[in-house]
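Hello,

I am handing over the structure that you will be working with, and below it you will find a short account of what was found. Please keep the model open while you read.

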Amino acid sequence: LIAAAYTESFLKESSIPFDNLTPPIIEVEAALTKFTFTDQRLEGIMTQLELNQYLDITFRFLRALYLYSHEPRVLLDKIDFYTQDFDDADRADSFQNRRRLDGSSAAEFTVEIVISGRYIPPPILDWSDVLATELNEEDVLGSYLSAIEESNNSYFENVDNFDEIELMVIAEPWSTVPAPTVTEVSTNEAGVVTKDDYGGFGALGLAALIALLLLILFILCFGVWRRKKREEEEEEENADKSE
């Protein structure tokens, strides 16, 4: 840390434009994302334990999706729980109840989360549009439901066939939502990783890298000097013996 601080100070005093050596990292605009599950076997809202487990698997799925399978890559910082709701199919006054093709009504469970992250352009992303478009693709929905099924969340214990669940995703910019206080799920509760776990970017990171390279160079030079010194000592010792 001391070496990193001195290196950063040296770069500033030398007027070296080190901030321009790294590409700009843009924080995507947070998006309020609504996941609506429709199935007649769903009952009520999630308990805190079930919600924590759901948020954890959702974060892991989205992080892998946008870090390894998306261009440009997006590093998800965190997800924040916003609200959850359940519409019972038996409530006659519920205008949101949906009916299947066979005429049977199905209950709806909705959970809303706020998703944010960082990426290196180009291109410039419309984050809410990216989520709304890509998360509704059939293969992505299928993989997401499979991940939820494999998590063995007790909320879905009555669902014996996840292929029958209907899932729809809606996303909008968080800045457009007249939001109450967001309830952030802590790392200890749900295993959600925040951006602090990934370290910083910019000048300090560059200074630390330079300091590390200098340390490696010092170790190599010390090794070479030590070997040469040992050889000289051996030569002197051999010369004394010969005399």
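The crossing of helices α2 and α4 is right-handed, where right-handed means that the near helix is turned clockwise from the far one by less than a right angle, and left-handed anticlockwise. Please note that this is a predicted model, in which local features need pLDDT of at least 70, side-chain atom pairs count only at pLDDT 80 or more, and totals for chains, interfaces and linings use all residues. Residues are numbered from 1 along each chain as its sequence is written, and side-chain values use heavy atoms, with hydrogens and water left out.

Helices (H or I, at least four residues) and strands (E, at least two) are DSSP runs, numbered from the N terminus. Helix α2 covers residues 48-68 and helix α4 residues 138-150, and they pack at an angle of about 140 degrees with their axes 10 Å apart; axes are lines fitted to C-alpha atoms over the stretch in contact, and angles run from 0 to 180 degrees between N-to-C directions. The two helices are therefore oblique to each other, since angles under 35 degrees count as roughly parallel, over 145 as roughly antiparallel, 65 to 115 as roughly perpendicular and the rest as oblique. The contact (heavy atoms within 4.5 Å) involves Y54, I57, T58, F61 and L65 of α2, together with V140, S143, Y144, A147 and I148 of α4.

As for the whole chain, it has 6 helices and 7 strands, and buried residues (under 20% relative accessible area, 1.4 Å probe, protein chains only) make up 39% of its 243 residues.

Best wishes

How values were computed: Buried means under 20% relative accessible area, exposed over 50%, partly exposed in between (1.4 Å probe, protein chains only).
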